[in-house]
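Thanks, everyone. I'll take the salt bridges first, then the cores, then the surface.

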Amino acid sequence: PQHYGDESSVADFGQPWADTAVSSGTESSGRHIDSEEIRRSIAKPNEQDVVDYLSAFYQGLSVKSLPPPHLCFTSWDSGASTALEANPTPKALSASPPPFIGLNTPTERVRIRTRSSPHSAFAGQLNFDDLLDTAISILPDDAYALLLLVKPDLYESADDEFVCGRAYGGSRVAVVSTARHDPSLDWEQDVEREHAWPASHCEATFTPLSLLAHTALPLPDPSSSSSSSSTALSNLWLARLCRTASHELGQCFGIEHCVYYASCMQGNATLAEDARQPRYLCPVDLAKVLSAT
């Protein structure tokens with residue numbers, strides 16, 4: 001069976017690392033930025049919804065959350081899974097982040113490196129490699145792969161600004177962050193919703209012939225109130241996260257980045273490029289999954 005790493009039981013002091021702080025209003029270009037009221041009402045993705053999506057995406061495989069005890073962020077110095085400095089604000093953490101935090105697993109407390117975030121929306125970042133090593137250590141004996149889903153923003157190396165997710169296919173583990181997929185950050189991160197999938201093959205860029213496969217798909221109107229409602233943006237956040245999760249697990253199954261079709265297994269270098277990619281497998285990779293399952 002395939003297991004899904006659940007990190008929903010984050011200690012109180014870890015929550016500010018997952019919160020975002022963005023401005024509201026209108027850019028000089030005229031593009032609308034989501035209001036503070038809408039941004040605050042956007043629901044964070046639910047872990048069980050991701051499990052359900054992956055169960056449908058990789059039909060035939062057993063996808064489930066890790067059983068209790070759940071993983072939990074703690075203070076590295078004290079090890080207590082309680083508030084650090086009375087649940088400090090994101091501003092306080094950003095000004096003076098602790099060099100390490102702890103991550104309690106069923107068998108040990110792991111040291112996770114941290115740093116201040118280069119993006120003002122986040123209080124700090126956690127080191128991807130440390131989380132990946134943790135995922136390797138907790139991969140169950142009866143699991144083929146494990147996905148560790150975390151809420152805080154991540155970085156991999158000193159030169160990285162951030163990383164949304166990555167898989168170590170040979171070790172059959174992946175780590176994915178929910179942070180950067182937050183729609184309230186779209187305008188700051190140059191993500192154009194009007195050119196996101198399924199509208200990413202628009203007539204202004206491609207010939208009508210290339211649009212034939214997409215004419216049956218409803219194209220969203222980014223200026224409409226329905227596409228900018230808190231419910232729509234909550235669903236958008238979940239959809240983006242599910243695409244990344246299915247991509248990284250595909251890497252765990254040995255599927256490389258697709259160079260033949262537009263698909264969820266394409267590589268990407270930016271969040272804008274990520275938003276333009278579809279949620280489905282291409283015929284080549286679909287044949288691989290069907291053969292394996």
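Predicted model: local features only at pLDDT ≥ 70, side-chain atom pairs only at ≥ 80, totals over all residues.

Residues are numbered from 1 along each chain as its sequence is written, and side-chain values use heavy atoms, with hydrogens and water left out.

Arg113 pairs with Asp130 in a salt bridge, 2.9 Å from N to O. By salt bridge I mean a side-chain nitrogen of Lys or Arg within 4 Å of a carboxyl oxygen of Asp or Glu. Asp130 sits in helix H5 (residues 128-138) and Arg113 in strand E7 (residues 109-115), 17 residues apart, so the pair links distant parts of the chain. Helices (H or I, at least four residues) and strands (E, at least two) are DSSP runs, numbered from the N terminus. Asp130 is buried, at 11% relative accessibility.

How many salt bridges does a search of the whole structure find? Seven. One joins Arg193 to Asp186, with the closest N and O atoms 2.8 Å apart. Arg193 is buried at 10%. Asp186 is buried at 0%.

Next, Asp285 and Lys288, at 3.4 Å, N to O. They are three residues apart in helix H8 (residues 283-292), so about one helical turn separates them. Asp285 is buried at 2%; Lys288 is partly exposed at 43%.

Now the cores. A nonpolar core is a set of buried Ala, Val, Leu, Ile, Met, Phe, Trp, Tyr and Cys residues joined through side-chain atoms within 4.5 Å. The largest has 25 residues, and Val50, Leu54, Leu147 and Leu249 touch the most other members. Helix H3 (47-57), strand E9 (146-150), strand E12 (173-177) and H6 each supply at least two residues. H6 gives the most, with six. A second, separate core has 22 residues, among them Leu103 and Ile138.

One more buried residue: Arg180, at 3% relative accessibility. Arg180 lies in the loop between E12 and H6. Its contacts (heavy atoms within 4.5 Å) include Asp153, Glu161 and Leu271, not counting residues up to four places away in sequence.

Last, the outside. Tyr260 is exposed, at 61% relative accessibility. Tyr260 is in the loop between helix H6 (230-252) and helix H7 (271-275).

Key
Buried < 20%, exposed > 50% of the residue type's maximum accessible area, 1.4 Å probe, protein only.
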